[in-house]
Amino acid sequence: MTPAAARPPIKFDILKTRELGIVLALAALVLYTTINNPRFLSGQSVRDNLLNTAILAVMATGQAVVVITRNIDLSVGSVLGISAFAVATVMSDHPGLPMIIAILVGLAVGAAAGLLNGVLVRYGKVPALVVTLGTLYMYRGITYSWAGGSQVNADELPAHFLNFANDNLLGVPWLVLIALLVVGATTWVMRNYRVGRELYAMGSSPPAAELAGIKVARNLLGAFVLSGALAGLAGVLFAARFGTVDASAGTGYELNVVAAVVVGGVAVFGGSGTVWGAGLGALLLTVISSALAVLDINQFWQQAIVGALIVLAIGADRLVAVRIARSLRKRDAHV
Amino acid sequence: MSRKFATWDTAIIALTVLVLIIASLVVDNFGTSRNFTFMVLDLLPIILVALPMTFIIVTGEIDLSVASTLGLTSSLMGWFWNHGLSIETIIPLCIVIGAVAGVLNGFLITGLGLPSLAVTIGTLALYRGLALVVLGDGAVADFPFNYTGWVTGTIGGGAVPNVLILIVVLALIFGVILHATPVGRSLYAIGANAQAAHFAGIRVARTKFWLYVVSGAVAGLVGVLWTLRYSSARADNGAGLELAVVAAVLLGGVSIFGGKGSLPGVLAGVVLLTALQNALRLEDVSGQALNIVTGALLVLSVLLPNLISSIRGNWQRRKLRQSAA
């Protein structure tokens, strides 16, 4: 099957994408901050920003896919926690294991957690909000019971595992490469492959998708497993980057992830938005928080800004949707 | 008639009574009057926030920002106190600020037509963030004893806590409104079918708007009570309380899809949740491990009725098929 060539290309007009707004906001923010403090664009600062974005962007990718199907996964922060603790425990018990095993362990733990979410949503007919709010606390509780107050310190972890966060390939840190790969590949699949378009269709109208013969159950489970697996992968990256892992790793991350996705132009009503937009949203949130530090603004403002951005983004989405609906009606009237 | 007795809320009330009896027989110190006082104090924030939350979920919406509103009013209470306002001014002011937080939610949801889930996730972050801006990671602790003492005290030094009066009065008011007034019936109508309710002359948007205002005001009041109970105004007060509240409401038989549920069921749900946590804590189960129970109960409270109704549906279909044959 040739995915792109066989059918008319999906319209891609850079000036009309919603992502343009984020790019402009990002540019304005970077410009303003750099004028105030030129070191904001120094190599180290850019590197830190990208490393901090990587973990958020990986999680935002899975969340974007789930939100596009008109669902939500609030358990990602807890999945990161359980995966980070599992991987750190495995690596400190068996220091000889290669990095790829650590990544596979994280992906597997996350995928299992995501599968449970998906099964409860699809077969238990429980709304995703309720399921993932419940598993948010269950997965976190399991991690706390497992850790029992202990933590894995950096000196218990093998060097090759910790170095992974700092190592580069041609000057680009591995963490950033992995994030780019995840965001890029998922964007590509969502845009050009059948399963991607089916996921959009499910979000636009769940009953219509079912009637159209889309394998809704399989796709929905896939979306939740992907979100869980990527949160699990984020757990591996978290453990490698910070070295010290306790049971509270990733607490509250779900808010930032949802914010990144919503700010990135993925509509909470499902059916629209792009994965790379969510990646940009993650970058914007990270840059905002480091800009606050550079501009010497109280760090406590960060969470309030995240909240305000979520509200603004869904408000803007609504505005766009209303305008599109109006222009569509006008066009129909002319015909 | 027999079906009437087998509803989820009567089952949960029976289960609550059963758990209370078993716990007082099996768990040491569970049935003591001291523990009763503590349990009522633990119950207080969940039960008060659950009252307006029940109304909101019955209309098919949700408010996840309540715990953050609580944190914001707690923070502001400390800030006002540090700036020399009298406690008699601060308390009504905090309730009004809670109501204002509800006005913003209500405006975004009913005025702009945004989904309540997304809006209140946003304001959850926003209000908690503002709480942090107000007080940072500091705490204010020197509130007057006649107020902090009243919240933790009991009637005449006995076993019945003073705050139980507050719980009973508010629960009665909310219960009467929901079950014995046209306003209450209209909430069920909105939750069952908002469009039909609109055509039946119910002011859907206005009703929902006021529910969010009330929810905010109650969260503000609970912020005050929380601060007085622990004599500590902190920005992170009540973090995560929204989960316990939503879990209790759903456990009490209110449908997350709206249109179904009763306040006695919700009260039983709150008591069940609190009693379970209290009993497990007396058995030395750690607080974080308790979250497994809360989370599982939340999922089960929606999963079980779904399973039961689908099994019942299958059974009826089979019976129909048999009678047809």
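## First stop: a helix pair in chain B

Select helix 3 and helix 11 of chain B and show their side chains: Phe38(B), Leu41(B), Asp42(B), Leu44(B), Pro45(B), Leu48(B), Val49(B), Pro52(B), Phe55(B) and Ile56(B) from helix 3 meet Leu211(B), Tyr212(B), Val214(B), Ser215(B), Val218(B), Val222(B), Leu225(B), Trp226(B) and Arg229(B) from helix 11. Contact here means heavy atoms within 4.5 Å, and helices are DSSP runs (H or I, at least four residues) numbered from the N terminus. Colour this contact by class and you will find 16 nonpolar, one polar and two charged residues. In this scheme Ala, Val, Leu, Ile, Met, Phe, Trp, Tyr, Cys and Pro are nonpolar, Asp, Glu, Lys and Arg are charged, and the others, Gly among them, are polar.

Before moving on, a note on the source: this is a predicted model, where local features need pLDDT of at least 70 and side-chain atom pairs count only at pLDDT 80 or more, while totals for chains, interfaces and linings use all residues. Residues are numbered from 1 along each chain as its sequence is written, chains are lettered from A and ligands numbered from 1 in the order in which they are written, and side-chain values use heavy atoms, with hydrogens and water left out.

Now look along the axes. Helix 3 (residues 33-58) and helix 11 (residues 204-229) of chain B pack at an angle of about 170°, their axes 8 Å apart. The two are therefore roughly antiparallel (angles over 145 degrees count as such).

## Second stop: helix 7 of chain B

Tyr147(B), Thr148(B), Val151(B) and Thr152(B) of helix 7 meet Leu225(B), Leu228(B) and Arg229(B) of helix 11.

## Third stop: between the chains

Show both chains: 35 residues from chain A and 40 residues from chain B form the contact. Which helix of chain A gives the most to the side that touches chain B? There are zero salt bridges between chain A and chain B (a side-chain nitrogen of Lys or Arg within 4 Å of a carboxyl oxygen of Asp or Glu). Helix 5 (128-147), helix 11 (253-263) and helix 13 (301-334) of chain A each supply at least two residues of the side touching chain B. Helix 5 of chain A gives the most, with twelve residues.

## Last stop: a salt bridge in chain A

Finally, select Arg218(A) and Glu198(A), whose side chains form a salt bridge (3.7 Å, N to O).

Key:
Axes are lines fitted to C-alpha atoms, for helices over the stretch in contact, and angles run from 0 to 180 degrees between N-to-C directions. Angles under 35 degrees count as roughly parallel, over 145 as roughly antiparallel, 65 to 115 as roughly perpendicular and the rest as oblique.
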